[in-house]
Amino acid sequence: MAGKSRPPRRGTGRSAFPGVSRKITCRPRIQTIDDHEVENNGADEISRADTEPDQDPAVFRLRRAAAFQVMYENMPPPGRGRGRCRRGAARRALASKTVSVDLRSDTVTRPTPGMRRAMAEAEVGDDVYREDPTVRALEEHVAGLLGHQAALFVPSGTMGNFCALRAGAPVGTEIIADTEAHIVTYELGGLAALGGVQTRTLTGLADTLALADVEAQLRAFPGGGTYNMVRTSVLAVENTRARDGGLVWPLERLDALRAITSAAGVALHCDGARLWNAAVAQEVPPGRLGGIFSTLSVCLSKGLGAPVGSLVVGDTDHVERAREWRKRLGGGMRQAGVLAAAGLYALRHQVARLADDHRRAGELARTLAAAAPGRVDPERTETNMVLLDVPDAGAFAARAAADGVLVGAAGPAKVRVVTHLDVDDEAIAHAGKVLAPLLADLPAVAA
Ligand SMILES: Cc1ncc(COP(=O)(O)O)c(C=O)c1O
């Protein structure tokens, strides 16, 4: 709170931290927000870093970077200059250890003791030389599970999507995806910024758009192309659909898309960050889903509980091109077997249990729908996510955080609640007890 009484000081113009003067202008805005000890601490730390000239330059840079991190994480979302800082609410709750249940995402899990043991005991080598036996075992295992020739271990789902897509999309071509797709919403325009390909979005690709209309959108030009129209190289789908509350694509629609894209000479890619959830929900082997696509990116660090890692999956040539893109992006890893071991462990021990996450999400959805009719649709809870319609998602998330339950704001009026490996029946029952009255307190939804 000390920072509140002092007038904001400007930066000294020292150049040790690029972009510092631009960021420091954020201070007055942050200081107008009430109840922001953490933010003010961040600002004070920057002031100290600026005004203590004798400190070691390395320490100076570290302190300043840490302070900006604190400020950044607590900044309100763009366009919300006043009011409580929503990300700060989760952070405060975590810091004060008042969180009883964290349902923001299925990425918040911690490796289990068995997984940690597998990591510690992993055989390793230099994977850039292709000498890490555990990475190779993971790649072979996943390729086999999904019915493809090859797979490539990459650090993240974002890199997996990028490498898989860019390896199949020549520069200057387009990738078509749903308007809500992760690749066009949360991957910071990487395909355009780094890959030289454009994305085009279709609304309702996953459900409402007629297949004939999807087909009509593919600009494939198999006979040689035109000189003035961009060519479609890939159609990308996401299964399960993260921004749509974990909905699963019907198999028939995917099969039909495969037929349409194959006929047009367009590749069909799947962002399968949660493909495992789809397979469990539809009670089909992962290979039934994998076999539909030309390429996939699948994640180990979402519902499966590994700390890191995704795989690009496809035919051998495609995966070799993806390997080049991984290296170009700086994603070549050395003794990555310690990470791959976590992935192998997750695939062997933590796939079937996703059914528990789905059951718990369904139970929670029904509890909340009973408390606040019209704000939750249990019919649309097919896997491990529950979407809540609320007037102000940030405010709702902050109220829940104050009561020890963390949920995510998935849009201005949409809250996302995600079940995962680290929450059991008791935790979900508790979350229901906290969230139900908060929802019931909101204005009733007109029937
Ligand atoms: C559907 C989907 N695709 C891709 C990703 C990207 O994964 P990562 O965060 O590992 O880059 C996510 C992340 O949550 C996701 O939900």
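Which residues in helix 14 meet which residues in helix 18? Trp276, Asn277, Val280 and Ala281 in helix 14 meet Leu354, Ala355 and His358 in helix 18, where contact is defined as C-beta atoms, placed from the backbone, within 7 Å.

## Basis of the model

This is a predicted model, in which local features need pLDDT of at least 70 and side-chain atom pairs count only at pLDDT 80 or more, while totals for chains, interfaces and linings use all residues. Residues are numbered from 1 along each chain as its sequence is written. Helices (H or I, at least four residues) and strands (E, at least two) are DSSP runs, numbered from the N terminus.

## Helix 14 against helix 18

Two packed helices are described by the angle between their axes and the distance between the axes. For helix 14 (residues 275-282) and helix 18 (residues 354-371), the angle is about 75° and the axes are 9 Å apart. Helix 14 is therefore roughly perpendicular to helix 18; angles of 65 to 115 degrees count as roughly perpendicular, under 35 as roughly parallel, over 145 as roughly antiparallel and the rest as oblique. Axes are lines fitted to C-alpha atoms, for helices over the stretch in contact, and angles run from 0 to 180 degrees between N-to-C directions.

By class, this contact has five nonpolar residues, two polar and no charged ones. Nonpolar covers Ala, Val, Leu, Ile, Met, Phe, Trp, Tyr, Cys and Pro, charged covers Asp, Glu, Lys and Arg, and the others, Gly among them, are polar.

An open sheet of seven strands has the order 2-8-7-6-5-3-4, with mixed pairing; two strands pair if DSSP finds at least two bridges between them. Its edge strands, each pairing on one side only, are strand 2 (150-154) and strand 4 (198-202). From one strand to the next, the twist averages 20°.

Strand 2 pairs with strand 8 (residues 310-314) in the antiparallel sense over five bridges, and Phe153 stands opposite Leu311 in strand 8. Five of the five residues of strand 2 are buried, that is, with 20 or more other C-beta atoms within 10 Å of their own C-beta, placed from the backbone (12 or fewer is exposed, in between is partly exposed). Ala150, Leu152 and Val154 are on one side of strand 2, and Ala151 and Phe153 are on the other. Strand 5 and strand 6 (residues 267-272) run parallel and are joined by five bridges; the partner of Val237 is Cys270 in strand 6. Helix 13 lies across strand 5 and strand 6, at about 140° to strand 6.

## Ligand shell

Ser156, Gly157, Thr158, Asn161, His182, Glu238, Ala242, Asp271, Ala273, Cys299, Ser301 and Ser310 surround the ligand, each with its C-beta atom, placed from the backbone, within 6 Å of it. Helix 9 (residues 157-168) gives the most to this shell, with three residues. The shell divides into three nonpolar, seven polar and two charged residues.

## Backbone exceptions

Most residues other than glycine have a negative phi, and most peptide bonds are trans. Asn239 and Thr240 are joined by a cis peptide bond, with omega about 0°; Thr240 lies in the loop between strand 5 (232-238) and helix 13 (251-264).

Arg130 has a positive phi of about 60° and lies in the loop between helix 7 (113-120) and helix 8 (133-146). Arg130 counts as exposed because 11 C-beta neighbours lie inside 10 Å. Glu283, in the loop between helix 14 and helix 15 (286-290), has a positive phi of about 55°. Glu283 is exposed, with 8 other C-beta atoms within 10 Å.

Methods:
Contact = placed C-beta atoms within 7 Å.
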